[in-house]
Each structure stands twice: as structure tokens, then as C-alpha cells.
Amino acid sequence: MSAFLGQVLNGIATGMLYALMGLGLSLVTGVLNIPNFAHGALFAIGAYLLASAANLMGNFWLALVIAPLGAALLGLAIEYLGIRRLYAAGHDYQLLFTFGLALILSEAIILVWGPVGYSHLPPPILRGGVDLGFTFYPKYRLFVMVAAGLLVLGTWLFLEKTRYGAIMRAGIENKEMVSLLGIDVHKLFTAAFALGAYLAGIAGALTAPIRGLSPGMGVDMLGIAFVVVALGGLGNLLGAIAAGLLIGVAQAIVAAHWTEASSVVIYAVMAAVLLVRPQGLFGIR
Amino acid sequence: MNRALIAILAAIVLLPLVVRPAIASEIWIFAIFGLGVNLLLGYTGLLSFGQGTFFGSAAYVAGWLLKHYAINVFFALGIGVGVGALSALVVGYLCVQRSGLYFIMLTFALNQLFYFVAYQWTSVTGGEDGMPGIPRPAILGIDFGNPVAYYVFVSVLFLASLWIMRRIVESPLGKILQAIRENEVRAEAVGYDTARFKLAAFVIGGAFSGLAGVLYAMLFGIVPLEAIGFVTSGNVVFATLIGGSGSLYGPVIGSFVFIWLSESVSTLWARWPLLLGVAFVIVVLFFRGGVVEAWSRFAAWRERKWRSSKQTG
């Protein structure tokens, strides 16, 4: 029983990270109306920046601040220099562009950090575990659970309670109307992409001490982010959390008994949900 | 016989003189793959980023049967077409009910499902090492171990595929698919069950992908893991787009350009995907109409230059 609860806790920790990824992707996809295949690469960039910054400065917390900002800055540049020129183009060309960017970024990771994956230790204060009564649990995973939860909450507060968040939600609903109301949609798009990149970057940074770093980590996470959005619905915060937790917990439980199936189970769960509910968990098209 | 067909026949004859027969075969195999993608992208307006699923599944299943049960080549091709169509039916059933960006993301996510199954099921697929040792059995006394004989076989199948695809796009079904591309709401209002027709297009595209997958497996004697991965799915979309998805012959031109370039550059540098990514970005930003448009722009520029030199001279 205690082992099972431990697996559920693991599932919640990774599920929150999945929700964070899905949330960022959902913002970008919803506001900009583009297929963003570079979202996973920004996740990987966040992870690698964290490892390098932490090793360079010897301070994990400073690195945790810097790494996602680096990813956000990169996102800003990508939107400003590239995607901005493609809003009138079809999804096919937008896809090709972001997929090309993903290839460039993952190859750049190999060129800069090497093709072999490596691990990154959590900061000393978060090493080891704590006794939760029913199980002995790694401190760092508890930290990730709380941090990712706070980030999701922060994003929710931003979207629901601030003026800029309201503009972003309006942008998902109806772009023409937003621009008719005198809001510069270009700025809105840039901001949404940068925020999405920030969330991907910080998800990557938080993941690095759990799963280590490898050049392929971005693509794996991209598929998962797509699953979260497909199940949760575009721009649906609650949907992203529900979908992220669903596949995170399902994966953790299956992985404990059948390690080989741990990646497959995410997509199998998605296929199963779509069989019953083609419109996703909350029925948003 | 039209000019495009004459050009293709000439290319089939001349190509093995310019490049190795294996590369020449790969070009026509990839063109068969592209024909299927173009039925979705060009004619139905469906952007699938998961065509590697059907290509790879067919290659694995037919490859396995060829390797362990020494099946006949024609049977292998049939199996490939069947597996491609069947896997496309399953994936398509889950995807066609959603549209736009959801459709793209779902095709990719389900591609990942098949990829991870192939990655983990090492006893059958060989995982990361791929499935080697796929034979190319002789038929009717013709030894397909000879690369030129296999090239001729592939070329004939390509021409047959092109003919079939042409019949499909000119058929009533093809017209309905184009109506869906132009205006799905209207096509539905006229009384067509658009989801069912989109699924039909998906299955046909899967069948073409499957045929290409088996031919690919027999060409190289191995099914690499990448055959079922997202890179394959991306490459075929790219090849179709650079050829121009508007016409029947677009993917043929695209696969010609793509395979030739990739085979000449990928052997030079291990980080070749980096260049591929740069190529994607440049094409999208500057040559969005594909090779055909780039050529006509070049022709117009040459014309202008010629005129201005005549005026000044």
C-alpha cells in the first residue's frame, strides 16, 4: 500500500510538470493559433541552461531563476524574428518552421553539450528524503510538486486576475475583436510566446535533477505536451491540470510494475480517453 | 501522354546514370510515400504529422514476415499495404473527429505511441538497433539482389501508384475530398459525411505509406527505428511542401530534391539534421511556394534582367 502511495506521489510530481508544459503550449497554441513543435526544444534548453548555470555559479536557486528566463528570451526572439512573419501562412508552413527550429535547437544542444546524456544533482538542501509516515520520499520531488503547483497557480492568477491575463484569454477567444478594441495583437503574441517558452523552460529546469539531461528529452516532452492539450483543451487551465495529473499518475503506476511500458502508457491513456470522449476530457473543441 | 509524364519517364531512365541505384530507388519510394501524404495535405487539406506510423508499421510487419517466414515479394507488398491502411484506420478514427491544430497534435502523439512500442519491443523490432537482415527474394527468376533489377521493380510500382493516385483524385471521391478542403462546412451542409471521407483519405494515404515502407525495408535490408519516428513523418511533409502540395506531381519533385540533397549531405556531416532544420526555416521564410514557385520567380527575374539589358543595350 505504501509503495502504491509513493507511486501516486511520483505521478503527481511528474503530472504537475506535464501540466506546466501543457499549459505553456496551450497558451502559445491558443493565442497565436500555430502548431508549436519547438515547445519541447525550449523545455530541453531550460534543463541544459539550469545544469550549466548551476555548475558555473554553484548556486541552484540562481540557476533556477536564470534558466527559464533564457528560454523565455529565446522564445521572444523566435516569435519576433520568425513566427511573426508567418501568421498569414498556413499551418503546414508554421509547422515546418517550428519543427525546423526544434531540429536546430536539439542539434545545437548536441554541439554545445555533447550527444551523451548526463545527470544533474539537486541542491544539497534538497538531497535525500523525508519520512512521510507511510513512505520515505525524496525531498526534491516534494519540492517539484510544490514549485510546479505554485507556478500553475501563479499562471492561473495571472490569466484570471490581471488585465494582461484577461487580454490573453480574450486573444484565445477572438483575435479580431481584441485588435478592434485597440490592443496591439503583435505585442500580445510576442508576450504569449515568451510566457509559454518561460513555462517550458522552467518545467525543463525542474525536471533536470529528476530525469537527467539528454538531447532527446525535448521531443519526448513535446509529445506529452500535445497529449495534455489534446485531452485538456486549448486555453483550459483546469483541463491541463487534470490531463497532466491523469497521465502522470497512470504512467507512475504502470512504470512501477512494467518499466518498458512507461512511455507507451501516456499515449495509450490518451487513445483510450479519445475512444470514449473524442472531444477530450472537458469537451472543448 | 502529357509533358509531366514524359519528364518522369525520362527521369526514371536517366536517374540511375547520375546516382547510385539505391538512391535512385529511394527517390521513387519516397515519392510513393509523398503521393499518399499529398492526398491528405494537398487534396483534403489535412495536415498529418504522423505518416511515419504507417510507413514504419508496414516496414516492421512485412520485414518480420520476409525475414522469418520467407514470404513472396508480392505477398509482402500486400501485407505492407494492408498494415498501412489498417494502422491508418485506427489512428485516423481517433484523429478525424478533431480538426485543425488538434488534428496535427493527435497525429504526432499517436505517432509517438507507435514509436515507443517499436522502441521497447526489442525482441521483434530490435529497438534502437533496428530490424536487420530483411531479404529481397527473387520472383519469376529475377534476382532482386541486383540493385538495377530492384530499381526497375520500384519504378514500375511508382508509375502504378502515380496512375492509381491520379484516378483517385479525378474520381468523385477525389472531388469530394477537394470540396472538404475548400469548405468543410459547406461540404457537410450539402450532405456529405465529411468525417467518413476524411477517414477514407487517411486510409488511402496509409496504404501508400505502407507500400513505400515495405519497399524501403527491402531496399536497405533493415528497418531502422527512425523509420517509424517523427523525423520520417516530418521529412515526408517537408518533401511534399517543397515540391508544392498543389499538384499531383509536387511530391514527386519534392522527394527528388529532398532525397538527393539528404543523401549527398548526410554522409558529409553527422549533424546533418541541423542543416535540415536551417533548410526548413529558410524555405518557410523565403520560398514558401516550394521549388516550383522558386523556379518561376527565378525565371521572372531572368526575364526582367534580359529585358533591361536589351533596353540599355
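**Two chains, their contact and some local detail**

In this predicted model, 36 residues of chain A are in contact with 35 residues of chain B. Contact requires C-beta atoms, placed from the backbone, to lie within 7 Å. On the side of chain A that touches chain B, helix H4 (91–113), H9 and H11 of chain A each give two or more residues. Helices are DSSP runs of H or I, at least four residues long, numbered from the N terminus. H4(A) provides the largest share of that side, 14 residues. By type, the side divides into 26 nonpolar, six polar and four charged residues. Here Ala, Val, Leu, Ile, Met, Phe, Trp, Tyr, Cys and Pro count as nonpolar; Asp, Glu, Lys and Arg count as charged; the others, Gly among them, are polar.

The model is predicted: local features need pLDDT of at least 70, side-chain atom pairs count only at pLDDT 80 or more, and totals for chains, interfaces and linings use all residues. Residues are numbered from 1 along each chain as its sequence is written, while chains are lettered from A and ligands numbered from 1 in the order in which they are written.

Next, a helix pair in chain A. Helix H9 (residues 217–232) and helix H11 (residues 264–276) of chain A pack at about 20°, with axes 10 Å apart. Axes are lines fitted to C-alpha atoms over the stretch in contact, and angles run from 0 to 180 degrees between N-to-C directions. H9(A) and H11(A) are therefore roughly parallel, a term for angles under 35 degrees. From H9(A), A:Ile224, A:Val227, A:Ala230 and A:Leu231 meet A:Ile266, A:Tyr267, A:Met270 and A:Val273 of H11(A). The residues of this contact are eight nonpolar, no polar and no charged.

Now to helix H1 (residues 2–32) of chain A, which holds A:Val28. A:Val28 is buried, with 31 other C-beta atoms within 10 Å. Buried means 20 or more such atoms, exposed 12 or fewer, and partly exposed in between, with C-beta atoms placed from the backbone. Beyond neighbours within four places in sequence, A:Val28 contacts A:Asn36, A:His39, A:Ala192, A:Phe193 and A:Gly196.

Two loops deserve a look. Most residues other than glycine have a negative phi. A:Asn33, not a glycine, has a positive phi of about 55°. A:Asn33 sits in the loop between H1 and helix H2 (39–57) of chain A. A:Asn33 is partly exposed, with 17 other C-beta atoms within 10 Å. In chain B, B:Ala70 has a positive phi near 45°. B:Ala70 lies in the loop between helix H3 (52–69) and helix H4 (73–95) of chain B. With 9 C-beta neighbours inside 10 Å, B:Ala70 is exposed.

Notes
Contact = placed C-beta atoms within 7 Å. Parallel < 35°, antiparallel > 145°, perpendicular 65-115°, else oblique.
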